[in-house]
Amino acid sequence: MGDFDNELFDVLKERPDKEPDKVFSNQMRQQLQKGQIVKRKRVSVATILTIPVTMAVLAFLIMICTGQTLDIKSAAQLSITQEKSLVFTGSLCILIALLTFIIFVFSKGYTKGWFIFLMFSLSFLAWVMNTVHAENQHLEEPTVPTNSKSFDHDQDQSLSLSDKEGR
Amino acid sequence: MLEEKSQIEQLYDAYHRDVYHFALYYTNSKQEAEDITQETFLKVLKQLRQLKDRNKIKTWILSIARNTAVDIHRKQKIKRLLTEKLNRQPLISNIQEPPEIIEKNEQWYTVQEALMTLKSHDRTIIICRMLKDYTIQETAAILGISEVKVRVDFHRAMARLRKTVGRDD
């Protein structure tokens with residue numbers, strides 16, 4: 001370590017406003033004596049928005065699980081009981097997992113973080129976009145192949161077309 | 001509970017200056033340093049029961065202070081950018097002070113400004129090693145890194161600081 005370095009930092013060590021303000025120190029000590037520190041509240045957009053967004057996500061999941069219909073049509077209309085029970089079980093698992101996670105987040109006081117806010121906002125946004133998209137596209141049938149009549153009919157048609165082309 | 005209260009008071013008396021100094025050097029703002037000190041002791045009060053090894057209490061408090069400083073300083077970035085020029089004015093235009101005091105003020109301000117240009121990690125190492133004279137072991141515990149890494153990073157940080165100040169040896 002050179003002398004120059006030491007001189008450099010000796011100057012900074014002697015900065016005139018180095019010591020904490022006595023009024024502040026006494027206030028802090030008194031608050032600690034009382035056993036609680038009155039925290040200076042700062043308005044955080046993230047904190048304000050996290051709670052309603054969380055509640056909206058929860059409401060959405062409860063609606064799915066209890067099978068209540070939304071004013072906007074849901075993205076996928078399920079036809080058979082097996083699918084419905086499968087989705088119900090899946091949704092219930094997701095709900096429990098999410099609920100546990102939310103309780104963890106709130107109990108630990110991580111609600112101020114932008115990460116949490118963004119995650120909830122994005123999931124809420126994804127749900128809204130999905131339902132709006134479904135409404136615009138008028139998706140009345142499931143997108144996945146099933147044993148329903150319409151699918152069989154389409155498949156028959158495509159098979160007969162390929163037969164004709166083959167001849 | 002009463003024991004805890006008296007313990008936190010003792011800890012406050014013993015370490016509040018260390019926390020404040022660290023915060024002041026880290027942020028170069030009295031307001032932020034006070035906020036960091038307050039937040040740090042609030043966290044200490046909350047987490048005191050979780051501390052198992054009482055011998056490491058100093059580095060534990062300072063590591064909380066460091067994390068709090070990083071957090072608060074990042075949040076205040078926009079506000080700081082707006083007020084930076086206003087805060088700079090009085091120090092340099094302080095004509096009524098004797099010339100030697102003005103020179104001294106300018107000297108520490110130059111070093112502090114150079115320190116502020118460094119990354120958070122480098123700044124913390126320099127504050128711990130050069131300004132607070134903590135040992136390599138203590139610095140390693142505060143930062144949660146190995147002692148070897150402290151040595152290497154300290155030399156790199158010093159080289160960067162010298163370059164900024166204008167003494168690139």
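This is a predicted model: local features need pLDDT of at least 70, side-chain atom pairs count only at pLDDT 80 or more; totals for chains, interfaces and linings use all residues.

Biologist: What is the secondary structure of chain B, and which pattern does it follow along the sequence?

Modeller: Chain B contains zero strands, and its secondary structure comes to eight helices. Read along the sequence, the pattern is therefore made of helix symbols, a helix being a DSSP run of at least four residues. For chain B that pattern is α-α-α-α-α-α-α-α.

Biologist: How many helices does chain A have, and what is its pattern?

Modeller: Chain A likewise has zero strands. Its helices number six, and the pattern read along the sequence is α-α-α-α-α-α.

Biologist: What percentage of the residues is buried in chain B, and what percentage in chain A?

Modeller: A residue counts as buried when its relative accessible area is under 20%. Chain B has 169 residues and chain A has 167.

Biologist: How much area do chain B and chain A bury between them?

Modeller: The size of an interface is often given as the accessible area lost when the parts come together. The contact here takes 40 residues from chain B and 30 residues from chain A. Carbon and sulfur atoms account for 63% of the buried area, which comes to about 3600 Å².

Biologist: Which three residues supply more than any other three of the area that chain B buries against chain A?

Modeller: Together, these three residues supply 18% of the area that chain B buries against chain A. They are Tyr12(B), Gln38(B) and Trp108(B).

Biologist: Which residues meet in a salt bridge at 2.7 Å, N to O?

Modeller: Across the interface of chain B and chain A, the rule finds three salt bridges. There are also nine residue pairs in polar contact between the chains, both residues being at pLDDT 80 or more. The salt bridge at 2.7 Å joins the side chains of Arg17(B) and Glu19(A).

Biologist: Which element gives the largest share of the side of chain B that touches chain A?

Modeller: The elements giving two or more residues to that side are helix 1 (2–27), helix 2 (30–47), helix 5 (99–117), helix 6 (120–131) and helix 8 (147–165) of chain B. The residues of the side divide into 18 nonpolar, ten polar and twelve charged. The largest share, eleven residues, comes from helix 1 of chain B.

Biologist: How many residues of helix 6 of chain B are buried?

Modeller: Helix 6 of chain B has twelve residues and is mostly covered. Its buried residues include Asp122(B), Arg123(B), Ile126(B) and Cys128(B). The buried count is nine.

Biologist: Where does Asp133(B) lie, and what is its phi?

Modeller: Most residues other than glycine have a negative phi. Asp133(B) lies in the loop between helix 6 and helix 7 (136–143) of chain B, just after helix 6. Its phi is positive, near 55°.

Biologist: Which loop holds Asn28(B), and what is the phi of this residue?

Modeller: Asn28(B) is placed in the loop between helix 1 and helix 2 of chain B. The value is positive in a residue other than glycine, with phi near 60°.

Conventions
Residues are numbered from 1 along each chain as its sequence is written. Chains are lettered from A and ligands numbered from 1 in the order in which they are written. Side-chain values use heavy atoms; hydrogens and water are left out. Contact means heavy atoms within 4.5 Å. Buried area is the accessible area (1.4 Å probe) that two parts lose on being put together, summed over both. A salt bridge is a side-chain nitrogen of Lys or Arg within 4 Å of a carboxyl oxygen of Asp or Glu. A polar contact is a pair of N or O atoms within 3.5 Å; within protein, one must be able to donate a hydrogen and the other to accept it, and residues adjacent in sequence count only if both atoms are side-chain atoms. Ala, Val, Leu, Ile, Met, Phe, Trp, Tyr, Cys and Pro count as nonpolar, Asp, Glu, Lys and Arg as charged, and the others, Gly among them, as polar. Buried means under 20% relative accessible area, exposed over 50%, partly exposed in between (1.4 Å probe, protein chains only).
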